[in-house]
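Here is a short report for a reader new to this structure. Please keep the sequence and the model in view while reading.

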Amino acid sequence: MVIGGDVHSVNEILEYAKKAPFYQGKLPDKALVSVSELTRLPLTTKEELRNHSPFGFLAVPKSEVAVYFESFGTTGKPVSIWLTQEDLEDNADEISAGGVNLSEEDTVLIRYPYAISQIAHTFHYAARRRGACVIAASSRSTISPFPRVVSMMHSLEVTVLAALPLQALLLAKTAQLMGLSPGEDFPHLRAICTAGETLTPRRRQVLQELWQVPVFDNYGMTEVGAAAMECPFGQLHPLVDYFVFEVLDEDRKTPVELGELGYLVITTLKHRATPIIRYWTGDRVRLFQASCPCGAEYRLEVRGRRESCLEAGGRLFDLWDLEEMVEEVSAKGLWAAGPLEQSGLHFVVESDQLDLRRLGGRIAALERRHQIPLRVTLVPPGTFYDPKELLSVGEVGKPRYIFSAEELKTKAYEKSLRL
Ligand SMILES: [Zn+2]
């Protein structure tokens, strides 16, 4: 399945990308006859981006570059992404395609990380262009710990919070620890914009219930910027004027049908400084035909990375699957999961009541439905993070939900959400 762009825009970017040292000699000399011919070209992997950073993908003279970002890598070299001023304008347009519809009436508190990462800056620029007032309250900063951000949201009459889903959740918990009700004591708040982490339906529901406002998600990554935005009707639409989207099987070759699970491959159509052809994102997605009142033709479901999946009984369980199962045990509690012996799953779930018997036959029903053995360990709220640390200065690491069986045994999940 290939959507986005047209044969003219695809040929244009293929010709343009040859300015980047990496693509010289790698792209066809003859123009493509159809967009689907793009699928015959080689993929670009994260490893190639990394190995050819910082300048291998740069397609303009350095004098034309406006900003530089790096994608977060857990190990090794980072990926370099350069943007021209025009790229920045396009990225802001992409963000502005979202359903939150910022205006000069808005005070937007941005809690995305500002350091080296793209989304905070793009969102900031998009909000400013719409005339909104921006509060740059970066995450991963000791300058703006949780209580200070909550106080600012309260006293500055913030209308929109832009944050990773886990950050929005922890801000709500901090507000509660400060004696405030997230749903009642922030009457000016009208929306939350999330990005940077897979937003499962359960996580969305938890955030919406806590804050009592709609959540608008945005899917993207530093390598390509915002690639899909949620519209006013709550559907995540791929930005087909800016990118070509393909969904491939795990073999990295075979396209999957609409509605089938596969891996997303993205080609940038407009990036001038860092064009990327057929980027293997590693994200598991489903692409659907949309029937949305906003007029968009396609809808994207982003289910997280292959590394965030657990294998049991010969099947892969992604974050959506795992959260769907956790929901049967606890509507809102934080959780961790890992493998159970040969072929099962072990969940550790926060709950006010630790007596497993109150769950009745729900675990057995889940075992029957999924045909795998399950173990559930209930732990008290506050097991995964220290509430006292929420109220003190600190930093938050990457969210982590998946643990090895050994780590579950040694309770490595305790206080693992570093604050
Ligand atoms: Zn829509």
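## A loop with a positive phi

Gln-371 sits in the loop that runs between helix H9 (362-370) and strand E19 (374-379). The model is predicted. Phi of Gln-371 is near 60°, a positive value in a residue other than glycine.

Is Gln-371 buried or exposed? Gln-371 has 11 other C-beta atoms within 10 Å. A residue is exposed if 12 or fewer lie within that distance. Gln-371 is therefore exposed.

## Another positive phi

Glu-157 is also a residue other than glycine with a positive phi, near 55°. Its place is in the loop between helix H5 (146-155) and strand E6 (160-163).

How many other C-beta atoms lie within 10 Å of Glu-157? The count is 12, so Glu-157 is exposed.

## A cis peptide bond

Ser-53 and Pro-54 are joined by a cis peptide bond. Omega there is about 5°. Pro-54 belongs to the loop between helix H2 (46-51) and strand E2 (65-71).

## Two packed helices

Two packed helices are described by the angle between their axes and the distance between the axes. Helix H3 covers residues 85-96, and helix H4 covers residues 118-129. They pack at an angle of about 75°. Their axes are 8 Å apart. That angle makes H3 roughly perpendicular to H4, because angles of 65 to 115 degrees count as roughly perpendicular.

Which residues meet where H3 packs on H4? From H3 come Leu-88, Asn-91, Ala-92, Ile-95 and Ser-96. From H4 come Thr-122, Phe-123, Tyr-125, Ala-126 and Arg-129. By class, this contact of H3 with H4 holds 6 nonpolar, 3 polar and 1 charged residues.

## An open sheet

Strands of a sheet pair through backbone hydrogen bonds, either parallel or antiparallel. Here, 5 strands form an open sheet. Their order is E1-E11-E12-E13-E14, and the pairing is antiparallel.

Which strands stand at the edges? They are strand E1 (2-3) and strand E14 (298-305). Each has a single partner strand, so one side of each is left without a neighbour in the sheet.

Ile-3 has Phe-245 in E11 as its bridge partner.

Technical notes. Residues are numbered from 1 along each chain as its sequence is written. This is a predicted model: local features need pLDDT of at least 70, side-chain atom pairs count only at pLDDT 80 or more; totals for chains, interfaces and linings use all residues. Axes are lines fitted to C-alpha atoms, for helices over the stretch in contact, and angles run from 0 to 180 degrees between N-to-C directions. Helices (H or I, at least four residues) and strands (E, at least two) are DSSP runs, numbered from the N terminus. Angles under 35 degrees count as roughly parallel, over 145 as roughly antiparallel, 65 to 115 as roughly perpendicular and the rest as oblique. Two residues are in contact if their C-beta atoms, placed from the backbone, lie within 7 Å. Ala, Val, Leu, Ile, Met, Phe, Trp, Tyr, Cys and Pro count as nonpolar, Asp, Glu, Lys and Arg as charged, and the others, Gly among them, as polar. Two strands pair if DSSP finds at least two bridges between them. A residue is buried if 20 or more other C-beta atoms lie within 10 Å of its own, exposed if 12 or fewer, and partly exposed in between; C-beta atoms are placed from the backbone.
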